[in-house]
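Please have a look at the structure below before reading on.

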Number of protein chains: 2
Amino acid sequence: MFSMDIIKLAEVLNLSKSTVSRAFRDSSDISAETKQRILAKARELNYHPNHYASNMREQKSMTIAVVVPELANNYFTQIIQGVEKVAKTSGYHILIYVTDDDIAREQEFIRGVSNGRVDGIVMSVSGESKDHSYLAHVDVDRLPIVLFDRIYDDIDLPKIVTDDYDSSFRSTEHLIQQGCSRIAYLVVNKEQSIGKVRMQGYMDALRKYRIPLRKRLIVDCTNSYDENAGIIENAIQKQRPDGILASVERLAFSTYYACGKLSVRIPDDLKIVAFSSLEIASLLSPALTTVTQPAIQIGERAAALLLKKLQGTPIDDTERLITMESELVIRASSLPA
Amino acid sequence: MFSMDIIKLAEVLNLSKSTVSRAFRDSSDISAETKQRILAKARELNYHPNHYASNMREQKSMTIAVVVPELANNYFTQIIQGVEKVAKTSGYHILIYVTDDDIAREQEFIRGVSNGRVDGIVMSVSGESKDHSYLAHVDVDRLPIVLFDRIYDDIDLPKIVTDDYDSSFRSTEHLIQQGCSRIAYLVVNKEQSIGKVRMQGYMDALRKYRIPLRKRLIVDCTNSYDENAGIIENAIQKQRPDGILASVERLAFSTYYACGKLSVRIPDDLKIVAFSSLEIASLLSPALTTVTQPAIQIGERAAALLLKKLQGTPIDDTERLITMESELVIRASSLPA
DNA sequence: TTGTAGGCGTTATCAA
DNA sequence: TTGATAACGCCTACAA
C-alpha cells in the first residue's frame, strides 16, 4: 500500500523533483547521465508520472472519445478498429460510449467529457434528430468533434460520410435490372440522416425507371430483433415484395430468417441487397449482396482528422465534409436463381 | 476561448468555491436553496467539475480499462458490450486497448494505466505466454485486475473462463459420433491457455474412442487470413480430414472458403464445429455448428466482479475462478448430408 | 545543469 | 450553513 510519486523518487535519488520531472519529458536541460539514472530508478521502483496530475498541468488528456449508437453492429466495431489504430500510433487513448440510440444519453456523454476528460470526440449520432442543438453549444476550439455516418445536417462540424445516396440508387437500380418491380425499403429511422438519404436514393431510382412508389413498401423497423421479425414477416406476406433494400445490416438478417420461416426463396422469390459491413457476407446462404462501407478507413480518417485538429493544424474547407465511397458487391442474393 | 471553473462560478454566485463544490457532491452541509441556485447557474454557464482535478484529489478515476487481443472478433466485441453495459450503470467510463496479440504492447498498456489513469482492468491476455511476470508486480490492491478467456495460469488473479475443455471434448465426440475419424484441430497458438485447453479436450475425446492421435491433424494457423487460407487448403488436401474442430471462429471461415475453392463439400466430405460467437451462424451455407460462449455475460460478469472489488467488497475464493458454460449448437455443418 | 516555487481545479478539514 | 486553506502530483518559469 505504498505509492510512488515524483517527490519520493526525487528523495531516493537525492535530486529535486524538477530534475526528475525533466527526465520524463523531452527537456534537453538535463544531463544524459542523470536522466539515465532517474529512468533506471523509476523502472526499479515502478514509478510512472501520474497521468491526471500531468493532464491538469498541461490541460490535455491524450484521450479521445468514440461515441456510437451501438456495439452490436459490425460497422461500428470496425469504425472503432480504425480509430483505435490511428489513435494508438499517436499515443492517444480511446474511451468508448454507447448511446443505444438515446439522444439523452448522447447528450449526457458529451457533457460528461466536456471537462478536459477528453481532448476530442469522434461520434456517430443517435437516431433521433429532434433537438440536438446542445451540440452547437460545444466550444469546438476547446473540444473538437468529428461526426461520421449518422450526422446532423444542421450542425456545422467536420463530417465523414459515405456516398449513401448513390449506393442506394445503384442498389435499387440493380434490383430493378434483375427484374424486381415491387421493391421494399427497410429502414429503422427514416427521419435520421442515413435512413433519409438512403431512402431518397431508393425513391429516385424508382422514379427513373417509372416504377410507382408504394408507401407500403417503405417498412419501418425498430432496433429490436423480435419486433423486426414480426414486422418483416408481415410486410413480406402482405406486400409481396420481389426485392428488398435493407438500409442496415440487421434488417437483412431478419429478412433471411423471415424468408426461412415463410418458405420464401431468396433470390427466386425475393432478391435482397443490404447495407452491411459483414466480412463473411459471401458465406451466407445465399451469399448476400452488400453495399459495403469502408468502415475501418472511415474510422481511421475520422481519427486522423481529429488528431490533425488537436495538433493545431487548421481543417480546410475541403475536409469539412469528406465523402468516402461504398462498394456494391453483387452476390447470389440479388442474382437470377 | 473561455473556460468555466469552480472559482469563476463561485464569483458569479458570490459564494466561496467550497460551497459550490459541495453542491456537486452528496454533502448535506448545504441548504437546498443554495444548492439549487448553484446547480441552476452551473447549467446556465455550462460548468462541470473538472474530472481530472477531482480524480487527483480523490485518487480515483471512475474509469476501467478493457484490454483485448483484437477487435476483429465477435467474441471480443461482445465482451466489450457486456463490460460497457455494466460499467455504464455504475457511472464508470471504459478505455479500450487492443494488443494485437503482442505481449510487449500488453505490458506497455498495463504500465501506461498504472498511474491512476484507471481504477481497474479487465483483460484477456495476448497469445504469447513466455514472460508475463510483469503482471505479478502489479499492486492489485491499488489496481485490481480481472482476467477472462485467455488467461495466464500461473498468475494469481480473479479469472473468468468458459468450460473450454468440456466443450472441446463434446464437440470432438459429436464429430466422432457423426462418423468422423480423421478430425483436424485448427489452432492459432497451442501454447496459449485456450488453445491448449481446447486441444486437450480434443485429444482426450479421441483417446476415449480409441482414435489414434495424428500430429499432422493438429494444424497451426496464424492471425493472418491470407496465410491461413494456404495453411488450411494445404491441410485439407494433404491430410484429408473428414472433420474439423476450429478453436477460433476465424479459422472456420477460412475453412469454408478453402472448401469452396477445393470443391470439398460441407458436411458431406468434411464436417465442421467451431468455437464462435457469430450470431448468424445459422445463416451460413451450410449453417455452422458452434460452441457458443456467453460472451456478453462474461463481459458483464467480469465488470461486475471488478466493480465489486473497486467498491471494497472482498472477493471470496469461489469468485477467483468463475467458469461459465458454453453451448454446443449443432447445425448443418456437422450433420449427415 | 539543477533547484525553487507557484499554480493547474478540486475537495476535505477546520474554523467562523 | 458557509468560508479559508491546505493538499492531490506534476510541470515550467525563473533563479542559482
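Which residues of chain A are linked in a network of salt bridges? They are A:Asp101, A:Asp149, A:Arg150, A:Asp164 and A:Arg198. Keep in mind that this is a predicted model.

**Salt bridges**

Over all chains, the structure holds 34 salt bridges.

| A:Asp220 | A:Lys190 | 2.7 Å |

Take A:Asp220 and A:Lys190, which form a salt bridge. A:Asp220 sits in strand 7 (residues 218-220) of chain A, while A:Lys190 belongs to the loop between strand 6 (183-187) and helix 8 (193-208), so the pair ties together parts that are 30 residues apart in sequence. A:Asp220 is partly exposed at 37% relative accessibility, and A:Lys190 is partly exposed at 26%.

B:Asp156 is exposed, with a relative accessible area of 62%, whereas B:Arg320 is partly exposed at 24%. B:Glu173 is buried, with a relative accessible area of 14%.

**Inside the chains**

Is A:Thr172 buried or exposed? A:Thr172 is buried, because its relative accessible area is 0%, under the 20% cut-off. This residue lies in helix 7 (residues 164-177) of chain A, and its side chain reaches the backbone oxygen of A:Ser168 at 2.7 Å. Among the residues A:Thr172 touches are A:Ile183, A:Tyr202 and A:Leu245.

The largest nonpolar core has 89 residues, and A:Tyr202, A:Leu284, B:Tyr202 and B:Leu284 touch the most other members. A second, separate core of 58 residues includes A:Val122 and B:Val122.

**Where the chains meet**

How many residues does each chain bring to the contact? Chain B gives 50 residues and chain A gives 49 residues. Together they bury about 4500 Å², with 61% of it on carbon and sulfur atoms. On the side of chain B, B:Tyr52, B:Arg117 and B:Leu283 lose the most area to chain A. Two salt bridges cross this interface, and 26 residue pairs are in polar contact.

Technical notes:
Residues are numbered from 1 along each chain as its sequence is written. Chains are lettered from A and ligands numbered from 1 in the order in which they are written. This is a predicted model: local features need pLDDT of at least 70, side-chain atom pairs count only at pLDDT 80 or more; totals for chains, interfaces and linings use all residues. Side-chain values use heavy atoms; hydrogens and water are left out. A nonpolar core is a set of buried Ala, Val, Leu, Ile, Met, Phe, Trp, Tyr and Cys residues joined through side-chain atoms within 4.5 Å. Buried means under 20% relative accessible area, exposed over 50%, partly exposed in between (1.4 Å probe, protein chains only). Contact means heavy atoms within 4.5 Å. Buried area is the accessible area (1.4 Å probe) that two parts lose on being put together, summed over both. A salt bridge is a side-chain nitrogen of Lys or Arg within 4 Å of a carboxyl oxygen of Asp or Glu. A polar contact is a pair of N or O atoms within 3.5 Å; within protein, one must be able to donate a hydrogen and the other to accept it, and residues adjacent in sequence count only if both atoms are side-chain atoms. Helices (H or I, at least four residues) and strands (E, at least two) are DSSP runs, numbered from the N terminus. Lists of a residue's contacts leave out its neighbours within four places in sequence.
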